[in-house]
Amino acid sequence: MNKAFVKESDQDDDEDLGPEAVKLPSGTKNYITVEGYRRLRAELAHLMNEERPAVVQVVSWAASNGDRSENGDYLYGKKRLREIDRRMRFLTKRLEIAEVVDPAQQPNKDQVFFGATVVYSDKEGEEFRVTIVGVDEAEPLQGRISWISPVARALLKAREGDTITLRTPAGVDELDILEVIYPD
């Protein structure tokens with residue numbers, strides 16, 4: 001087939017990222033905690049060594065049954081293989097560019113940096129506890145926010161007892177830093 005009719009780009013495949021992936025700001029590193037790096041490596045190993053071989057076996061069995069056009073096991077298996085391969089490409093790319101940071105090695109434990117757990121309160125007095133982590137390990141509902149999020153950017157370099165300003169679409173908020181914690 002003529003290459004003019006095929007959609008290809010020389011840039012990174014954004015399709016490999018998947019819907020859950022967060023793009024890194026240009027010119028920044030992919031910071032990740034030691035725990036987050038281990039988790040991504042374990043997911044990649046699981047996909048490569050367990051899940052993908054099992055799906056390949058099902059697809060191979062389904063293909064041997066004859067007519068593939070109406071074979072649900074074959075069609076679903078091929079679709080699942082594409083999803084697994086896409087996720088494996090994404091994980092491989094992210095792990096290659098990962099900059100592993102161990103928060104326990106932070107020398108300035110009184111200041112907020114990557115990996116810190118911060119307890120702060122807003123102007124209504126409501127307390128929040130967040131841990132600043134990499135974009136691939138962020139889970140906001142569990143209090144794990146990405147270092148590129150607006151709250152994390154506002155908190156970075158602040159010290160215990162500081163009051164910082166957080167600008168949001170809803171307006172400006174004042175946050176009081178109550179505690180800065182690093183893992184041992």
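User: What caps the N-terminal end of H2?

Analyst: Asn-71 does. One of its side-chain oxygens lies 3.2 Å from the backbone nitrogen of Asp-73. Keep in mind that this is a predicted model.

User: How many residues does H2 have, and how far does it reach?

Analyst: H2 has 25 residues. From its first C-alpha to its last it reaches 36 Å, close to the 36 Å expected at 1.5 Å a residue.

User: Which residues are buried in H2?

Analyst: Among them are Tyr-74, Gly-77, Leu-81, Ile-84 and Met-88. Phe-90, Leu-91, Arg-94 and Leu-95 are buried too.

User: And what covers them?

Analyst: The cover includes S1, H1 and strand S2 (98-101).

User: On to H1, then. What span should it have?

Analyst: H1 covers residues 34-63, which is 30 residues. At 1.5 Å a residue, they should span 44 Å. The end C-alpha atoms are 42 Å apart, so the two values agree.

User: Where is the kink in H1 centred?

Analyst: On Leu-47. The kink is about 40°. Leu-47 is also one of the buried residues of H1. Others on that list include Leu-40, Leu-44, Val-55 and Val-59.

User: What covers the buried residues of H1?

Analyst: Strand S1 (30-33) and helix H2 (72-96) are included in the cover.

User: New topic. How many residues are in the largest nonpolar core?

Analyst: It has 22 residues. Those with the most contacts inside it are Val-112, Val-118, Tyr-120, Ile-132, Leu-155, Ile-164 and Ile-177.

User: Which elements give two or more residues to this core?

Analyst: Strands S3 (117-121), S4 (127-133), S6 (163-168) and S7 (171-181) do, and so does helix H3 (150-155). There is also a second, separate core of 16 residues, which includes Leu-47, Ala-62, Leu-81 and Phe-90.

User: How do S6 and S7 pair?

Analyst: In the antiparallel sense, over six bridges. They form a hairpin with two residues between them. Thr-168 stands opposite Gly-171 in S7.

User: Last one. Is Arg-144 buried or exposed?

Analyst: Buried. Its relative accessible area is 16%, and buried means under 20%. Arg-144 is found in strand S5 (residues 144-146).

User: What does its side chain make a polar contact with?

Analyst: The side chain of Glu-137, at 3.3 Å. Leaving out residues up to four places away in sequence, Arg-144 also touches others, including Glu-35, Arg-39, Thr-131 and Val-133.

How values were computed: Residues are numbered from 1 along each chain as its sequence is written. This is a predicted model: local features need pLDDT of at least 70, side-chain atom pairs count only at pLDDT 80 or more; totals for chains, interfaces and linings use all residues. Side-chain values use heavy atoms; hydrogens and water are left out. Helices (H or I, at least four residues) and strands (E, at least two) are DSSP runs, numbered from the N terminus. The expected span of a helix is 1.5 Å times one less than its number of residues. The bend at a residue is the angle between axes fitted to the seven residues ending there and the seven starting there. Buried means under 20% relative accessible area, exposed over 50%, partly exposed in between (1.4 Å probe, protein chains only). Contact means heavy atoms within 4.5 Å. A nonpolar core is a set of buried Ala, Val, Leu, Ile, Met, Phe, Trp, Tyr and Cys residues joined through side-chain atoms within 4.5 Å. A polar contact is a pair of N or O atoms within 3.5 Å; within protein, one must be able to donate a hydrogen and the other to accept it, and residues adjacent in sequence count only if both atoms are side-chain atoms. Two strands pair if DSSP finds at least two bridges between them.
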